[in-house]
Amino acid sequence: MTNLTAKDLDVLCHVLTGEEMACKKARLYANTLTDAALASEMERIAMAHAERFNALYAILNGGKS
């Protein structure tokens with residue numbers, strides 16, 4: 001496991017929060033858009049945010065998903 005400083009953990013926490021919020025917003029938009037192409041793109045964006053969130057979260061678990 002990588003030794004993270006308190007500052008590293010603070011930054012990681014903020015980035016995780018941002019990714020989580022972006023994912024939720026993109027999913028909300030995907031569910032409310034009436035244009036199928038835009039809704040599909042928003043879902044793709046939400047999935048990308050979720051993947052980044054999971055990758056960052058894995059750092060907190062010592063690389064374990």
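Apart from neighbours within four places in sequence, Ala50 is in contact (heavy atoms within 4.5 Å) with Cys23 and Arg27. Ala50 lies in helix H2, residues 36–60. Helices are DSSP runs of H or I with at least four residues, and they are numbered from the N terminus. Ala50 and Cys23 are 27 residues apart in sequence. In space, their C-alpha atoms are 6.0 Å apart.

The model is predicted: local features need pLDDT of at least 70, side-chain atom pairs count only at pLDDT 80 or more, and totals for chains, interfaces and linings use all residues. Residues are numbered from 1 along each chain as its sequence is written, and side-chain values use heavy atoms, with hydrogens and water left out.

Glu19 belongs to helix H1, residues 6–32. Its contacts, leaving aside neighbours within four places in sequence, are His49, Arg52, Phe53 and Leu56. Glu19 has 13% relative accessibility, so Glu19 counts as buried. Buried means under 20% relative accessible area, exposed over 50%, and partly exposed in between, with a 1.4 Å probe and protein chains only.

The cysteines were examined next. The structure holds zero disulfides. Cys13 is in no disulfide, and the nearest cysteine sulfur, that of Cys23, is 17 Å away. A disulfide is a pair of cysteine sulfur atoms within 2.5 Å. The sulfur of Cys23 is therefore too far for a bond, with the closest cysteine sulfur, in Cys13, 17 Å away. Cys23 counts as buried because its relative accessibility is 9%. Cys13 has 45% relative accessibility, so Cys13 counts as partly exposed.

Methods
Helices (H or I, at least four residues) and strands (E, at least two) are DSSP runs, numbered from the N terminus.
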